[in-house]
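Have the model open while you read.

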Amino acid sequence: MTNDFPAYGQRRAPLPPQRQVPDEAAYDPLSAGAATVTMPATAAQSAGTTAGTGVRTAERPAPQTYPEDAQAPGPRTRSGGAAHGRHKAQRARGKAQPAADGKGTSRDAFFDNAKYLAIVLVAMGHSWEPLRDGSRSAAALYITVYAFHMPAFIIISGYFSRSFDMRKDRLQRLITGVAVPYILFEVAYSLFKRWADNDPHYPVSLTDPWYLTWFLLALFIWRLTTPLWKIVRWPVPLALAIAALAATSPNIGNDLDLQRVLQFLPFFVLGLCLKPEHFQLVRNKRARIAAVPVFACALVFAYWAAPRMNAAWFYHRDSAQELAAPWWSGVVMTLAMFGCSLVLVACFFAWVPGRTMWCTALGAGTLYGYLLHGFIAKGSRFWNWYDTPWVHKPWGMVLITLGAGTLITLLCTPPVQRAFRWAMEPRMTWAFKKDPVGT
């Protein structure tokens with residue numbers, strides 16, 4: 001065993017600077033990078049710190065989690081010398097480097113499958129909307145799906161936003177992956193409505209999102225507030241209180257679609273608080289079996305409530321007073337629907353396969369399917385496709401449902417991603433200043 005400490009009066013050689021390896025960016029759950037798992041920067045930094053001191057850090061295998069929940073340094077043990085520590089640092093940096101280049105990453109099939117199945121339900125729900133008046137069964141399916149499909153998306157969004165901070169690269173990704181697609185598609189949807197709905201004077205407004213673009217604007221706002229939710233003691237109860245107050249405030253207005261931003265906020269904050277072990281609780285055979293009677297009860301209740309309940313409660317875009325209900329019902333409905341949505345989301349996650357399947361790769365393109373299918377969904381109303389009598393027959397409803405699932409699947413495929421990547425995931429390196437430190 002060598003003595004790596006300098007003699008008395010001798011100057012210690014300065015340690016080399018630590019190599020800064022960026023960890024994974026906090027992508028939104030609809031985009032291609034949401035379920036990517038990379039080696040965290042903590043391993044390289046820990047190894048680089050111990051290189052000069054001769055202290056060896058025991059590492060555990062990286063679990064399939066987001067970087068902030070990856071391994072922490074293990075117990076400190078006696079080392080064989082500084083040379084071994086330097087080799088340790090080089091190996092750790094070599095493993096962490098592909099994460100910075102976007103290569104050598106692995107994806108969790110569970111989250112890709114969940115995103116794909118959720119986006120299919122979104123498209124099916126939009127196809128059922130014009131059928132609700134003539135079919136109580138379609139109305140029951142519509143209510144049931146709307147109770148959990150967007151909460152599931154938003155929870156995944158919060159889960160993969162846990163490491164978001166105000167770091168330069170993450171702010172750039174927030175702009176290029178969320179803000180820019182919002183601007184482009186808000187303009188595109190407004191122009192499409194002018195043409196397809198024969199409404200040439202419909203305004204183009206970036207502060208009043210139309211149709212599907214509200215989610216991108218909400219995600220932008222939620223992500224910016226992520227650091228605040230990390231420092232409060234009771235984030236989920238606080239978010240629920242804010243949502244309940246919004247549901248009783250009819251004067252919020254339509255600017256930035258703040259009603260939806262605030263009323264859906266508890267699901268995003270809940271996602272920020274979740275850990276990998278929470279998802280493991282529902283990923284077992286017992287949970288899958290228990291989900292069957294729960295969903296059956298939800299369908300029965302929705303069938304009963306369809307002619308008695310205003311489905312606009314599930315949109316979370318209006319206050320109680322705007323839905324012709326007393327103000328206190330906004331508080332009650334906020335809490336009740338949050339609990340019901342969580343139960344159905346847990347059942348949905350219980351049924352999501354955890355293995356790689358034919359549809360797993362499509363989970364990387366759900367942003368494309370989400371934004372592009374809206375033109376067909378709205379065009380079907382503008383062009384009166386649902387006025388055809390066969391559409392309202394039982395077999396016609398089945399065909400409409402299968403057609404919606406097929407359409408959204410095709411829009412998530414790699415060829416569509418390559419064709420529209422310039423709008424969904426633009427690089428825009430020209431728009432940002434170079435980092436002096438990185439340079």
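## A cysteine on its own

Let's start with cysteine 347, which is buried at a relative accessible area of 7% (buried is under 20%, exposed over 50% and partly exposed in between, with a 1.4 Å probe and protein chains only). Its sulfur sits 10.0 Å from the closest cysteine sulfur, that of cysteine 297, and that's too far for a bond. Searching the whole structure turns up zero disulfides, a disulfide being a pair of cysteine sulfur atoms within 2.5 Å.

A quick word on what you're looking at: this is a predicted model, where local features need pLDDT of at least 70 and side-chain atom pairs count only at pLDDT 80 or more, while totals for chains, interfaces and linings use all residues. Residues are numbered from 1 along each chain as its sequence is written, and side-chain values use heavy atoms, with hydrogens and water left out.

## A covered helix

Helices here are DSSP runs (H or I, at least four residues), as are strands (E, at least two), and they're numbered from the N terminus. How many residues of α5 are buried? It's 11 of 11, so the helix is mostly covered. The run includes His149, Met150 and Pro151, and Phe153 and Tyr159 are also among the buried residues.

What do those buried residues pack against? Their partners are α3, α4, α7 (214-224), α11 (265-273), α12 (276-280) and α14, with contact taken as heavy atoms within 4.5 Å.

## The second largest pocket

Helix α5 also turns up in the lining of the second largest pocket, along with α3 (109-128), α4 (136-146), α10 (258-263), α14 (328-351) and α15 (366-382), each giving two or more residues. The pocket holds about 720 Å³ of space. Of its 34 lining residues, Tyr211, Trp214, Arg260, Tyr315 and Arg317 lie nearest the centre. By class, the lining splits into 18 nonpolar, seven polar and nine charged residues (Ala, Val, Leu, Ile, Met, Phe, Trp, Tyr, Cys and Pro count as nonpolar, Asp, Glu, Lys and Arg as charged, and the others, Gly among them, as polar).

For the record, the search runs on a 1 Å grid over the protein atoms alone: a pocket is an open set of points with protein on both sides within 12 Å along at least five of seven lines, a cavity is a set where a 1.4 Å probe fits but cannot get out, and lining residues have an atom within 4 Å of a point. Points are joined across faces, edges and corners, and a volume is the space filled by probe spheres set on them.

The largest cavity takes up about 110 Å³, and 15 residues line it, with Gln263, His316, Met333, Thr334 and Met337 nearest its centre. Helix α14 provides the largest share of that lining, five residues, while α9 (235-247), α11 and α14 each supply at least two. The lining of the largest cavity comes to nine nonpolar, five polar and one charged residues.

## Salt bridges

Count a salt bridge whenever a side-chain nitrogen of Lys or Arg is within 4 Å of a carboxyl oxygen of Asp or Glu, and you get nine. One of them joins arginine 173 to glutamate 425 at 3.9 Å, N to O. That pair ties together distant parts of the chain, 252 residues apart: arginine 173 is in helix α6 (residues 168-196), and glutamate 425 is in the segment after α17 (414-424). Both ends count as buried, arginine 173 at 13% and glutamate 425 at 19%.

Arginine 170 pairs with aspartate 165 at 3.2 Å; here arginine 170 is buried at 3%, but aspartate 165 is partly exposed at 30%. Aspartate 197 and lysine 193 meet at 2.8 Å, with aspartate 197 partly exposed at 31% and lysine 193 buried at 12%. Shared partners also join Arg173, Arg421 and Glu425 into one network.

## Two long-range neighbours

Serine 135, in the loop between α3 and α4, is buried at 11%. Its C-alpha is 9.1 Å from that of lysine 393, 258 residues apart along the chain.

Phenylalanine 111 belongs to helix α3 and is buried at 4%.
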